[in-house]
Each structure stands twice: as structure tokens, then as C-alpha cells.
Amino acid sequence: MTIWVPRTDGGRPEGRYCAHLDQPDPPHAAGGGCHECTAANRRWVHLLMCLTCGHLGRCDSSPGAHAASHYEESGHPVARSAEPGEEWAWCYVDEVYLRPQ
């Protein structure tokens with residue numbers, strides 16, 4: 001299980017708290033891309049994976065922001081980057097970036 005802690009980033013005050021750090025590693029995500037984009041035969045720029053259920057969605061910088069839409073519909077609070085070599089997550093509830101400890 002990955003342990004997440006708030007990350008110090010520009011524009012984020014130090015000491016930000018996240019109440020959702022105990023997120024387990026998600027189940028293996030089905031498919032290799034954004035579920036909504038695949039269904040609509042569209043391309044994505046950057047993928048985020050929900051730490052609750054493994055849903056893959058395009059990031060907030062991409063048209064559609066399917067990862068954020070998934071949070072709004074499901075209430076699942078944390079998504080991590082699904083891009084190779086990237087080790088960060090975002091808590092939608094507490095609006096803070098996270099890093100593995």
C-alpha cells in the first residue's frame with residue numbers, strides 16, 4: 001500500500017492537511033486509457049487514476065476533465081497520475097497535491 005503525504009508546491013500554503021491519506025492502492029484499472037474518451041473515440045493528454053476504484057480519466061487540463069467528473073459523480077476523493085514516471089496525486093476534497101512517502 002502506498003502512503004501519501006501532502007506535497008510542498010508553489011501556490012500551496014505549507015501545512016495543508018489532507019484527511020484522505022489512507023487511500024489503498026486501487027484495483028487494477030481496466031483498459032489503457034480514459035474510459036469516457038475511449039467510448040467516444042477521442043484522445044486524451046494526461047491520465048489520472050482514482051485511488052478508490054481504479055477509474056482512468058483525463059486530467060483537469062484536458063477537455064472534458066473526466067477525472068474531475070468522476071470525483072463529482074462518485075465522491076472518490078483522490079486520484080493519482082497514471083503517467084509513467086510520475087509519482088503524485090491530487091485530493092479533490094482538500095485541494096492539495098500529494099506525494100508518496
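## Terms and basis of the model

A residue is called buried when its relative accessible area is under 20%, exposed when that area is over 50%, and partly exposed in between, using a 1.4 Å probe and protein chains only. The model is predicted: local features need pLDDT of at least 70, side-chain atom pairs count only at pLDDT 80 or more, and totals for chains, interfaces and linings use all residues. Residues are numbered from 1 along each chain as its sequence is written, and side-chain values use heavy atoms, leaving out hydrogens and water.

## Cysteines

A disulfide is a covalent bond between the sulfur atoms of two cysteines. Here it is identified as a pair of cysteine sulfur atoms within 2.5 Å, and the count is 0. Cys 18 takes part in no disulfide, its nearest cysteine sulfur being that of Cys 91, 3.6 Å away. Cys 18 is buried, with 2% relative accessibility.

Cys 53 is partly exposed at 32%. Its sulfur lies 3.8 Å from that of Cys 50, the closest cysteine sulfur, which is too far for a bond.

## The sheet

Strands (E, at least two residues) and helices (H or I, at least four) are DSSP runs numbered from the N terminus, and two strands pair if DSSP finds at least two bridges between them. Six strands form an open sheet with antiparallel pairing, in the order β1-β6-β5-β4-β2-β3. Because β1 (4-6) and β3 (56-58) each have a single partner strand, one side of each lacks a neighbour in the sheet.

Within the sheet, β4 (residues 78-81) and β5 (residues 89-91) pair in the antiparallel sense over 3 bridges. Arg 80 stands opposite Ala 89 of β5.
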